[in-house]
Amino acid sequence: MADPVITPPAAETIAARRSMLIGVAALLVGACIIAFAAILVKASPVGPQATAFWRLTLALPALALWLALYRRQAGGAPGSPDMRFIVLAGLFFAGDLAFWHAGILITTAANATLLANLTPVIVALAGWIFFKETVTRRFIVVCAVVMTGAGLLSAGNLAIDPDRLGGDLLSVITAFWYAAYILAARKARERASAPRVMFLSTLIAAPIALIITLAFGEDLLPATAEGWVPLILLGVVVHGLGQGAIMFGLGRVPAPVAALLILIQPVVAAIAGWVIFDEALSTIQIAGAGIILAGLYAAQARPAIRTKPR
């Protein structure tokens, strides 16, 4: 009996599914890496805005190397980017870092994590309004499940404190900045490679972060050599490797689904707190982590986004 021949449509479906799975894996790896950003920001010896500046600036050499290696492997220019969306991605990411770095030093990490996790809802609504992407009912259910899990995971450490309301507000605004960044980066990735979009958007965001740092009057340089360690880790590992993996995944996964997958961050952060700082997890928090993981599996299991023709 002859082996069945895969028809072109079936081959395209298999290739698309493989590309989607690679993108999902990249997003999850990237999210796991950037989950350690809060720890490094709190360990930084300079102010929150100066930390954002060094996070971007110290990532540039690693991103330039990635871009050079990609161009050498590809044998040509790595895509023709739409600079409008790359500029917007750099602007939005600079705003995201400015608000998140400031907020996390005022409020608790649990509050900041939960409030910043509003990003998937914002991305889905913005995708529907601006890009005619209609989410399915299944996606709405999955989104509600994951958000519920995030709430349970953060519930054990949530704190209502008038002195921290400013940090809570900054965390909410962060969700809007990061949602805008994901949408702009997703559109930029349609016409350019991940290393090019990452390098150019970071190159745009770094001077913006410097201007914000100088406007707040923060010291730029750490007082000791050891103070460079968390800054280098933030730049090379968190931004270069972690955010770079997310940028790679955004080229293969719809933006709303990508925003949901990135919500594995609080799970990784909770596990890291348990392992590194011996922070006990309650039964409710463990249940919340399990709900998030189940929801994230469901989010990428079947298509959840439909695009309408304009």
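This is a predicted model: local features need pLDDT of at least 70, side-chain atom pairs count only at pLDDT 80 or more; totals for chains, interfaces and linings use all residues.

Visitor: Where is Ile204?
Guide: Ile204 lies in helix H10, residues 194-216, helices being DSSP runs of H or I with at least four residues, numbered from the N terminus.

Visitor: And what does Ile204 touch?
Guide: Leaving out residues up to four places away in sequence, Ile204 touches Ile86, Val87, Gly90 and Leu91, where contact means heavy atoms within 4.5 Å. Ile204 and Val87 are 117 residues apart in sequence, yet their C-alpha atoms are 6.7 Å apart in space.

Visitor: How do H5 and H10 cross?
Guide: The axes of H5 (residues 83-104) and H10 come within 8 Å and cross at roughly 45 degrees, with axes fitted to C-alpha atoms over the stretch in contact and angles running from 0 to 180 degrees between N-to-C directions. The two helices are therefore oblique to each other, since angles under 35 degrees count as roughly parallel, over 145 as roughly antiparallel, 65 to 115 as roughly perpendicular and the rest as oblique.

Visitor: Which residues make the contact?
Guide: Among them are Met83, Ala94 and Ala98 of H5, and Val197, Leu200 and Ile212 of H10.

Visitor: New topic: what does Tyr181 touch?
Guide: Not counting residues up to four places away in sequence, Tyr181 touches Ala89, Phe92, Phe93, Met198, Gln243 and Met247.

Note on methods
Residues are numbered from 1 along each chain as its sequence is written. Side-chain values use heavy atoms; hydrogens and water are left out.
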